[in-house]
Amino acid sequence: MRAWSSRFCSAAPDVDAPFGALSDFFCLAPLSGAFVANPPFEPAVVLAMARRMGALLDAADAADAHLSFIVVMPRWAADAAGRAPCGA
């Protein structure tokens, strides 16, 4: 589904570099642009991604830059305490 973009981040950038991978998402540090994220649907990864995106958005805001993320996620059922797996 990334037919419109030949560049992407990868959990295995060394393996995916020949196919256009830039780096691991957690090493990417954009200050501006629009990005689509489709992370592994693992709660710990999604939470780390959300924290990283928050820090990147704060840095972009401080630099008066425009940065946005669209995140593709499954619909998760709430746990027994009524929370989504990432605390959302």
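Leaving aside residues up to four places away in sequence, Ser23 is in contact (heavy atoms within 4.5 Å) with Phe8, Cys9, Ser10, Pro13 and Leu28. The model is predicted, so local features need pLDDT of at least 70 and side-chain atom pairs count only at pLDDT 80 or more, while totals for chains, interfaces and linings use all residues. Residues are numbered from 1 along each chain as its sequence is written, and side-chain values use heavy atoms, with hydrogens and water left out.

**Setting of Ser23**
- Ser23 lies in the loop between α1 (13-16) and β1 (33-37); helices (H or I, at least four residues) and strands (E, at least two) are DSSP runs, numbered from the N terminus.
- Ser23 is buried, at 16% relative accessibility; buried means under 20% relative accessible area, exposed over 50% and partly exposed in between (1.4 Å probe, protein chains only).

**Cysteines**
- The count of disulfides (pairs of cysteine sulfur atoms within 2.5 Å) is zero.
- The sulfur of Cys9 has its closest cysteine sulfur in Cys27, at 8.7 Å, which is too far for a bond.
- Cys9 is partly exposed, with a relative accessible area of 27%, whereas Cys27 is exposed at 58%.

**Aromatic pairs**
- Two aromatic pairs are counted, where rings of Phe, Tyr and Trp (its six-membered ring) pair if their centres lie within 6.5 Å, with planes under 30 degrees apart stacked, over 60 edge-to-face and the rest tilted.
- One of them is the edge-to-face pair of Phe25 and Phe26, with 5.2 Å centre to centre and 75° between the planes.
- Phe25 is buried at 17% relative accessible area, and Phe26 is partly exposed at 37%.
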